[in-house]
Amino acid sequence: MSKRAKLGLALLLPLLAAGCQLPSFGFFRGSTTQGQSTFKLIQGFMLSSFVVGGIVLVLILWSVFRYRRHKNQQGLPRQSQYVLPLEIVYTVTPILIVLALFAFTVVTENNVDAVSKNPDAVVNVTAFQWGWRFSYPGQGVVVQGVELEDPMMVVPAGQTVRITLRSTDVIHGFYVPQFNFSRYATPGYSTTFDINVNQPGVYRGQCTQLCGLYHSLMIFRVKAVSPTQYRAWLAKTAATERLTGRSVT
Amino acid sequence: MRVEALLLLGIGFFFGVVGLIYWFTSYEDAGFLMLMGTMLLGLVPGSYYFFWHRRMKDSRPEDRPTASIEEGAGVVSSFPHSSIWPFLFGLGAFTTLLAFAFGVWLFLPGVVVILAAVTGFTAESRRGGQV
Amino acid sequence: MTDVITLPGTGAGVEGPHEGPVGGHHAEGEPTGFLKWITTTDHKVIGMSYMVTSIIMFYLAGIMAMIIRAQLVTPNNSLLSFHVYNELFTMHGSLMLYLFAGPFAFGGLANYIVPLQVGAPDMAFPRLNALSYWLYLGGSITMLMGFLTAGGAADFGWVAYAPLSNAVNSPGAGPDVWILSLVLTGFSAIFTGVNLIATIFYLRAPGMTMFRMPIFTWNMLVTGILILIAFPVLTAALVMLFCDRHFGTHIFSVQGGGVPVLWQHLFWFFGHPEVYILALPYFGIVTEVLPVFSRKPVFGYKGMVFATMAIAALSTGVWAHHMFTTGVVLLPFFSLLSLLIAVPTGIKFFNWIGTMWRGHLWFSTPMLFCIGFLLAFLMGGITGIFLAAPPIDFAVHDTYFVVAHFHQVLFGSAVFAGFAGFYYWYPKFTGRMMREGLGKAHFWLLFVGFWLTFTPQYYIGMEGMPRRVAVYPTHPGLEVWNQLSTAGSVLIAVSFAIMLVNLWVSWRKPIVAGDNPWDAHTLEWFTTSPPPHHNYTHLPPIRSERPTWDYNHPDAPSIGHGGRVHEHHLLNGHDGDRVGATSAPTNGHESVEPK
């Protein structure tokens, strides 16, 4: 094997081996299966960006430093205007890279958008100016809060949760950063997606689509607990709501 | 006129194809219609240019790579000199549109000024220069 | 001590067909002063007016940005009320995108430069050109009037999504004048687009075939076509919105059977080509400046032309990548087309690098600004690729990641490349040079400020801070990153103060520029600085895409693949002749016969 090939392999192999341990570059690794799928896509894009962007950056900096004119430089540089084979190479190669990225994207997209036939839990999320309502159909539970009341949506971890999202007034954005996911709540139609939270915890959520004056304060939380704790919470909350006649925050 | 014609016809064909692909994959009305509109924006002037290209071939000096500057001597076109009408038309349009926000009464002066400007523009063109 | 240059308009002039001799004085009844400005149809005066007005809009919008950044220094700041904050980011975006970046490029620079670059005496429709400017000025005034209305200016973002922008959620005259302003500036743009296309198709000088036009002119042609594709759709959508607000229609409101998402389809069908309308002219500027300061021709001229066409064509088909999170658009179609835009953009980058490669690079102020563009757009463009993948978009949509992305690409083009063009062509416009020292100070301060402002915003976005928020109580840990960003914005502001100083100094203590201070390539550098009335008293032979260079350096023609000298040079017999000095006037003289 030539020296160059050995060097290339030496650089590449650790990278490949560490594939699972690549830094997150600031992105969330994802707390749902869908979010984790998205994170892998992000890593793939990151890698290709570093390679392509790195090459272009090096070429720019090389030109800038290597070809600056010197004092007393006489004459003119070679007035070359085109080199067709080179241009063909740098037309075709990006097309191939883009097609590869697209293929990877489609696979991830299908993972993220897949809606199962038999979800373990169903939550109807309604966004409104300026708060959130989480209703659990058939369970007699409604959780609601406006602005900084920060309503909490409880879901079972490790199970498929179907969320149906709608809005009663303007467009809002249902966004949970650590799920690597957001979707618009638009008046006039409802939209459905699944989340499979595989790490119990409390996750910050917020409205992302400008919806008027208190857009900055339209926050919520998602709490993922074990399925047993989820059922217990449902029962307890339903009982409280029957007693008080009010929905919980 | 060849490049000009092919550019616009190319736009027309490209958006025709993309529009059809879009329709049969999404059945979404608004996007489809806008893509068809773009197709027409290319096909209509494009075919006009193409027609004239076939008729005049490369008789214009700017279409021939070996043309000399003297070939373009003489009258190039008419370039209207200083004219008040663009400003007045602009003023009229501004006033008329503001009527929608600040009161219907603004329509009257706005439309009057626009009509005056249109008349002025046309008269100026007919006299080939300043009115 | 140098003499002050005599300003244009007092030199040789050509009057209308029925009046005045070709001479060196005003004909009888020629307007002067303010009246002269109001009645001008000279593309150079109109272009300068556009540039001055749009740069004023830039500074106003920049001040708004500073105030926004000041609000964001702490997570729960109360410098501004929520209402005022929403007005500020709406107007910042609207002024920058509708009133600065576009008009500066196609109304200002293109208006001035395109007729010169094709050897024409003026634009094809001079009075329409003037009308474009007055509509633009009227539109700008109308937009700013929003601040004077009782309810304040529009506050629904520069994109005015329905139903937020309807009469229920955004009542008052502020949004109405916002809509009206865009109708005015929209027509202004459409008329300019028509003018550009007609000028390029019909007024080129002999020998200037389409494939010998400068790349800036090619880009303006494609921009003109994009304007015609995009702006009518915006105007239609605005009319519909206005009708919903005031005439009882229910086009976008659910209650009457309307479809809110329709607004997004219409707006983004305009909106995406719009951002390429805002980018392509600036790509063209870079393609003008790099060859001059590398002392070589453009590398891959034809590739550049086809890449521009490809970018424009693809950009019209990707509008719904702004709507991925609605859940109701065809993801693969828009994702693929969006990813594909990287290909022609990459071709342009490689051609720019090829232009510099093995050149003799001279880092004048315009060249430095171009390098700044290349670096900014490289990163901004790559983050755009991320956003083209729907799952990644779901993760960062409407966060500061997107804000950072579009600022890098827009700032990279409209500001870095735009001011590269301004510094480059300033000698041609005014006959005097800007100061290099101040120009370099402007660049470096801007460069550092730019990266300091926007790089933290990528991180802020990845951490989940949404855009368009006046406070960020959910992310207190991001305070320091926001402060870094604000600090960067201060540097940007200072750099633009330096530019004002540079302008003032260059005006008060002029350095004569001469016809071609940069030893540049294209036709506009053949005539005087500033050009005379109707631009050219004589033209060089046009045998390649760099007629002025060929005239000045007949021994250094372009060399193609395989070392062949560009064949067009061999086909002429007039090289070196100063054509037209004593023969027939070349253009612009309506019915005046040669003496």
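Residues are numbered from 1 along each chain as its sequence is written, and chains are lettered from A and ligands numbered from 1 in the order in which they are written. In this predicted model local features need pLDDT of at least 70 and side-chain atom pairs count only at pLDDT 80 or more, while totals for chains, interfaces and linings use all residues.

**Chain contacts.** Two pairs of chains are in contact, and chains A and C share the most contacts. Contact here means that the C-beta atoms of two residues, placed from the backbone, lie within 7 Å. Chains A and B have no contact; their closest C-alpha atoms lie 15 Å apart.

**Chain B against chain C.** The contact takes 52 residues from chain B and 66 residues from chain C. Helices are DSSP runs (H or I, at least four residues), numbered from the N terminus.

α4(C) gives the largest share, eight residues.

**Domains of chain B.** Domain 1 spans 2-64 and domain 2 spans 85-126. These bounds come from an automatic or database domain assignment. Their centres, taken over C-alpha atoms, are 35 Å apart.

**Ile392(C).** This residue lies in helix α13 (residues 390-396) of chain C. Ile392(C) is buried, because 26 other C-beta atoms lie within 10 Å; the cut-off for buried is 20 or more, with C-beta atoms placed from the backbone. Beyond neighbours within four places in sequence, Ile392(C) contacts Thr38(A), Leu41(A), Ile42(A) and Phe45(A), plus Phe386(C) and Leu387(C).

Definitions and conventions: Helix = DSSP H or I, 4+ residues; strand = E, 2+ residues; numbered from the N terminus. Buried ≥ 20, exposed ≤ 12 C-beta atoms within 10 Å, placed from the backbone.
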